[in-house]
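Me: Could you take me through the sheet and the surface of this model, explaining how each feature is read?

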Amino acid sequence: MMINPYYIDMLCSDKFATYKLFKEYVPLSVMVHNGGQLVRCLKKVRTDKVVLKPEFGSSAVGVKILDKDKALKSNFNVKKNTILQEFITCKRKKSFGKFGVYDLRIVVCNGKIIDQLYRVSLEGVLTSNIA
């Protein structure tokens with residue numbers, strides 16, 4: 001049995017720390033703490049849709065996917081330590097016999113890809129969490 005060191009568990013649960021470590025591989029992500037910061041940062045986002053999510057969490061709890069224009073015009077209440085992220089469209093005509101958005105997870109060990117996993121959303125759903 002192998003047990004990960006504590007810092008690995010912390011890294012895996014802190015979405016913004018993960019972004020900082022792997023930012024060359026993931027969508028633009030910015031930490032915002034209030035509505036004013038959200039509006040300023042939204043202007044830098046290049047995608048039509050954006051993702052707002054808590055720094056910590058899983059199973060898509062607290063995740064919101066919004067149209068950027070609507071988010072700019074609304075008086076959206078932002079909690080401290082909210083991550084604003086570009087929404088990346090990963091949509092194929094057919095994935096594993098289903099239509100929909102998918103999430104690709106890559107497992108790397110010693111610099112080599114050892115496994116991958118497609119997580120396919122339900123039809124009409126923009127998140128692909130399993131839980």
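Reply: This is a predicted model, in which local features need pLDDT of at least 70, side-chain atom pairs count only at pLDDT 80 or more, and totals for chains, interfaces and linings use all residues. Residues are numbered from 1 along each chain as its sequence is written, and side-chain values use heavy atoms, leaving out hydrogens and water.

Me: Which strand order does the open sheet have?

Reply: Strands (E, at least two residues) and helices (H or I, at least four) are DSSP runs numbered from the N terminus, and two strands pair if DSSP finds at least two bridges between them. Here four strands form an open sheet in the order β1-β4-β2-β3, with antiparallel pairing. Because β1 (29–32) and β3 (64–67) each have a single partner strand, one side of each is left without a neighbour in the sheet. Strand β2 (residues 49–54) joins β3 over four bridges, and Lys 49 has Asp 67 as its bridge partner in β3.

Me: Which strands does helix α2 lie across?

Reply: Contact means heavy atoms within 4.5 Å, while angles, from 0 to 180 degrees, are taken between N-to-C directions of axes fitted to C-alpha atoms, for helices over the stretch in contact. Helix α2 (residues 15–22) lies across β1, β2 and β4 (82–86), at about 140° to β1. Helix α3 (residues 35–42) also packs on the sheet, touching β1, β2 and β4, and its direction makes about 160° with that of β1.

Me: Is Ile 113 buried or exposed?

Reply: Buried means under 20% relative accessible area, exposed over 50%, and partly exposed in between (1.4 Å probe, protein chains only). Ile 113, in strand β7, is exposed at 57%.
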